[in-house]
Amino acid sequence: MKKALVLGASGGMGYAIVNELSNRGIKVVAFARNKQKLDRLFKADPNVVIHPGNVFNHIELEQATRDVDVIFQAINIPYAEWKTNLIPLNEQVISAAKNVLAKIAVVDNIYAYGKSNGERITETTPKNPHTKKGKLRLDMERLYKNSDVPYLIVHFPDFYGPHAENAQLNYTIRQIIANKNAQFIGKQHIRREHIYTPDGAKAIVELALREDSYGQNWNIPAYDVISGEELIKMIRGITGYTKKVSTVTKNMLRFVGIFDKQMREFVEMQYLAEEPVVLSGEKYEKHIGPIPKTAYKEGLKETIQSYI
């Protein structure tokens with residue numbers, strides 16, 4: 001891979017992927033709508049070409065894909081737009097990849113798996129989504145599988161990390177750093193996964209560099225499962241924060257959703273905060289090697305530092 005395009009480069013995982021590619025000496029086109037944000041994040045990096053644009057604009061996307069070997073699809077659109085835009089967005093990406101004979105590495109979540117019944121999820125676990133968003137993600141996966149483009153799909157748990165502004169844990173961290181009365185989304189005693197975005201970026205870039213990774217799905221777990229209580233204790237130790245951290249419940253989200261469409265769409269995914277889906281990384285470990293894993297305390301320190 002000599003040159004890559006990262007779609008959604010200003011988002012949490014997109015930002016981490018751009019940095020990982022650049023650190024490996026690979027030329028990167030960083031694509032997102034907001035030029036000012038792209039400039040702030042990447043202007044100082046000589047390996048990065050900043051390319052503001054709209055993925056739904058065929059000409060802008062075609063210009064960004066010129067001479068690239070791999071397209072990293074890391075765009076995250078608001079939940080409220082998934083029904084109308086998720087499939088057309090990925091159709092655009094596939095069409096652009098075909099035009100330049102590029103491969104595609106897809107950043108995906110765990111929604112398509114549905115409920116886990118307490119078992120660690122492998123790539124051979126049947127996908128049985130029970131939510132609207134899970135079904136849409138499965139439709140998206142089928143779109144790639146039925147295309148003629150070499151692809152790989154990487155499933156990640158919830159993100160946290162520098163510039164992962166849409167991540168639930170970053171939401172709590174921002175409030176704590178501002179010394180506000182912070183909120184944690186989901187029951188604080190339940191242990192679940194949060195992956196540090198630079199770890200996820202290392203894994204997906206490593207997969208994208210290997211020809212035999214394509215045409216497959218890959219699960220990348222986090223460092224370990226951890227409770228909200230444990231995370232908050234670590235964050236307090238790093239920041240000295242002493243105020244209460246309250247719990248955002250599903251009913252609270254339902255109430256806010258009366259007035260906020262995005263929050264209304266958020267409610268159905270809260271089963272993940274009550275019945276966590278935990279990924280198995282055995283396939284990656286067998287075929288690639290050790291999964292990149294940063295201990296939560298170190299990942300939280302770096303995330304907090306990114307806001308200071």
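Which residues does Leu136 touch, not counting residues up to four places away in sequence? In this predicted model, where local features need pLDDT of at least 70, side-chain atom pairs count only at pLDDT 80 or more, and totals for chains, interfaces and linings use all residues, the contacts of Leu136 are Trp82, Lys83, Leu86 and Ile87. Contact here means heavy atoms within 4.5 Å. Residues are numbered from 1 along each chain as its sequence is written, and side-chain values use heavy atoms, with hydrogens and water left out. Leu136 sits in helix α5; helices (H or I, at least four residues) and strands (E, at least two) are DSSP runs, numbered from the N terminus. With a relative accessible area of 16%, Leu136 counts as buried, a label for values under 20%, with exposed meaning over 50% and partly exposed in between (1.4 Å probe, protein chains only). Between Leu136 and Gln270 there are 134 residues of separation in sequence and 17 Å in space, C-alpha to C-alpha.

Helix α5 (residues 132–145) also belongs to a right-handed β-α-β unit with β5 and β6. Right-handed means that, with the strands pointing away from the viewer, the path from the first strand over the helix to the second runs clockwise. Strand β5 (residues 103–108) runs parallel to β6, and five bridges join the two; strands are taken to pair if DSSP finds at least two bridges between them. Ile104 stands opposite Tyr151 of β6. Strand β10 (residues 216–219) pairs with β6 as well, again in the parallel sense, over four bridges. There, Ile153 faces Asn217, and His155 has Asn219 as its bridge partner.

What about the surroundings of β6 itself? Five of the five residues of this strand (151–155) are buried, so β6 is largely enclosed by the rest of the structure. In a regular strand the side chains alternate between the two faces of the sheet. Here both faces are covered, with Tyr151, Ile153 and His155 buried on one side and Leu152 and Val154 buried on the other.

Zooming out, seven strands make up an open sheet with parallel pairing, in the order β3-β2-β1-β4-β5-β6-β10. The edges are taken by β3 (48–52) and β10, each with a single partner strand, so one side of each is left without a neighbour in the sheet. From one strand to the next the twist averages 20°. Helix α1 (residues 12–23) packs on this sheet and touches β1 (3–7), β2 (27–32), β3, β4 (70–73) and β5, with its direction at about 170° to that of β1. Helix α7 (residues 197–208) packs on the sheet too, touching β4, β5, β6 and β10, and its direction makes about 160° with that of β6. Axes for these angles are lines fitted to C-alpha atoms, for helices over the stretch in contact, and angles run from 0 to 180 degrees between N-to-C directions.

As for the helices themselves, α1 has 12 residues and spans 17 Å from its first C-alpha to its last, close to the 16 Å expected at 1.5 Å a residue; the expected span is 1.5 Å times one less than the number of residues. Helix α1 is mostly covered, with 10 of its 12 residues buried, among them Met13, Tyr15, Ile17, Glu20 and Leu21. Gly25, with a positive phi near 80°, follows α1. Helix α7 has 12 residues and reaches 16 Å, close to the 16 Å expected. In α7, 10 of the 12 residues are buried, so this helix is largely enclosed by the rest of the structure; the buried set includes Asp199, Ala201, Ile204 and Val205.

Then there is the nonpolar packing. A nonpolar core is a set of buried Ala, Val, Leu, Ile, Met, Phe, Trp, Tyr and Cys residues joined through side-chain atoms within 4.5 Å. The largest one has 55 residues, of which Ile17, Leu21, Phe42, Phe72 and Ile204 touch the most other members. Leaving aside neighbours within four places in sequence, Ile17 is in contact with Val6, Phe72, Ala74, Val107, Ala201, Ile204 and Val205. A second, separate core has 36 residues, including Leu5, Trp82, Met140 and Val149.

Asp67, in the loop between α3 (58–64) and β4, is not a glycine but has a positive phi of about 70°. Asp67 is exposed, at 59% relative accessible area. Asn179, in the loop between α6 (168–177) and β8 (182–185), also is not a glycine, and its phi is positive at about 60°. Asn179 is partly exposed, with a relative accessible area of 44%.
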